[in-house]
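Biologist: Could you walk me through this one slowly, please? I am new to reading structures.

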Amino acid sequence: MAGLVDSHCHINFPELAADLPGVIARMQAADVTHALCVSVSLETFPEVLQIAERFPNIYASVGVHPNERAGVEPSVEQLAQLAAHPKVLAIGETGLDYYRQSGELEWQRRRFRTHIQAARACRKPLIIHCRQAAADTIKLLQEEQALEVGGVMHCFTESLSVADQAMEMGLYVSFSGIVTFSNARELREVARKVPLRRILIETDSPYLAPAPYRGKTNEPAYVRRVAEHISELQGVTLEQVATTTSQNFFSLFGQAASGDRAAVE
Ligand SMILES: [Zn+2]
Ligand SMILES: [Zn+2]
């Protein structure tokens with residue numbers, strides 16, 4: 001079978017970092033050939049990069065999560081400079097989260113704009129986190145001309161209309177283990193209708209383990225469960241989901257990762 005790619009995980013978090021060789025071995029056993037370890041703060045970015053440098057099939061991104069309140073605020077120059085590393089494929093995760101944060105959120109919007117500007121400066125795509133903030137997310141992406149670099153709406157939980165708007169801007173839509181949850185009927189309808197050629201798959205591990213592992217520590221190997229679910233929803237084989245979503249991953253994250261594409265096909 002063609003390999004699967006976990007487009008979004010946090011294997012530098014303590015739940016997974018303690019047993020990285022085990023995480024990598026279980027990926028291999030599940031035909032998960034690559035994973036993108038996504039940065040959430042500048043303070044922890046060195047850990048992310050170290051993992052990407054240690055394991056050839058793990059990539060990195062650089063960014064500060066919209067729920068990170070304390071810590072160093074990144075500048076456009078700093079993000080672009082850190083993203084110059086060949087294993088850093090993207091800027092993020094970034095975006096807006098009006099669910100976890102409340103009150104005056106101009107700081108979040110300012111930070112999101114900084115990330116979009118950095119992505120344009122270094123010509124790398126965006127990994128976008130969006131929770132109860134779809135309208136502003138789309139608006140800022142348009143205002144800052146994110147179309148120029150593209151990206152992915154990660155851990156997608158919005159409506160089909162938001163998915164359509166994202167795709168119109170050239171973005172991919174990434175589904176996580178949430179599609180397997182019994183209460184996610186509406187999201188499954190979205191995952192049925194988004195064309196496979198615009199879909200990425202992810203775990204967002206160590207959180208959001210798919211059924212039947214719900215409540216346990218999630219890990220990249222479990223992206224296979226997400227792929228199986230997408231194949232049922234789309235009425236295609238697991239092989240087709242693996243081939244297409246992995247091709248989507250490598251065409252989005254392009255240059256830096258393209259040397260590894262042969263390994264997937
Ligand atoms: Zn996120
Ligand atoms: Zn994440």
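Modeller: Let me begin with a term we will need: a residue is called buried when its relative accessible area is under 20%, and exposed when that value is over 50%. Please also keep in mind that this is a predicted model.

Biologist: Okay, so is Glu93 buried or exposed?

Modeller: Glu93 has 2% relative accessibility, and because buried means under 20%, Glu93 counts as buried.

Biologist: And which residues coordinate the zinc ion (ligand 1)?

Modeller: The zinc ion (ligand 1) is held by Glu93 through OE, His129 through ND1 and His154 through NE2, at 2.0 to 2.1 Å. Along the chain these donors follow the spacing E-x35-H-x24-H. His129 belongs to strand 5 (residues 126-131), while His154 sits in the loop between strand 6 (151-153) and helix 7 (160-168), so that the pair, 25 residues apart, links distant parts of the chain. Both of these histidines, His129 and His154, are buried.

Biologist: What about the zinc ion (ligand 2), which residues coordinate that one?

Modeller: The zinc ion (ligand 2) has His8 (NE2), His10 (NE2), Glu93 (OE) and Asp204 (OD) around it, at 2.1 to 2.4 Å. The spacing of its donors along the chain is H-x1-H-x82-E-x110-D. Here the pair that links distant parts of the chain is Glu93, in strand 4 (residues 88-97), and Asp204, in the loop between strand 8 (199-201) and helix 9 (223-234), and the two are 111 residues apart. Asp204 also counts as buried, because its relative accessibility is 10%.

Biologist: How far apart are the two zinc ions, and which residue coordinates both?

Modeller: The zinc ion (ligand 1) and the zinc ion (ligand 2) are 3.5 Å apart, and Glu93 coordinates both.

Biologist: Why is the arrangement around the zinc ion (ligand 2) called irregular?

Modeller: The 4 donor atoms subtend angles of 86 to 176° there, and that range makes the arrangement irregular.

Biologist: Switching topic: which residues of helix 8 are buried?

Modeller: In helix 8 (residues 185-193), the buried residues are Leu187, Arg188, Val190 and Ala191. Looking down the helix axis, you would find these buried residues within an arc of 155°, so they line one face of helix 8. The face turned away from that buried side carries the exposed residues Arg185, Glu186 and Lys193.

Biologist: And what do the buried ones pack against?

Modeller: The buried residues of helix 8 pack against helix 7, strand 7 (171-175), strand 8 and helix 9.

Biologist: Which residues touch the most other members in the largest nonpolar core?

Modeller: That core has 77 residues, and Ile11, Ile58, Leu126, Leu141, Phe156 and Phe175 touch the most other members. Ile58, leaving aside residues up to four places away in sequence, touches Ile11, Ile24, Met27, Ala35, Cys37, Ile51, Ala52 and Lys87.

Note on methods. Residues numbered from 1 in each chain as written. Chains lettered and ligands numbered in written order. Predicted model: local features only at pLDDT ≥ 70, side-chain atom pairs only at ≥ 80, totals over all residues. Heavy atoms only, no water. Donors = N, O, S within 2.8 Å, 3.2 Å for Na, K, Ca; no water. Helix = DSSP H or I, 4+ residues; strand = E, 2+ residues; numbered from the N terminus. Buried < 20%, exposed > 50% of the residue type's maximum accessible area, 1.4 Å probe, protein only. Core = buried A, V, L, I, M, F, W, Y, C linked by side-chain atoms within 4.5 Å. Contact = heavy atoms within 4.5 Å. Tetrahedral: all angles 85-135°; square planar, octahedral: opposite > 155°, others 65-115°. Arc of directions from axis to C-beta.
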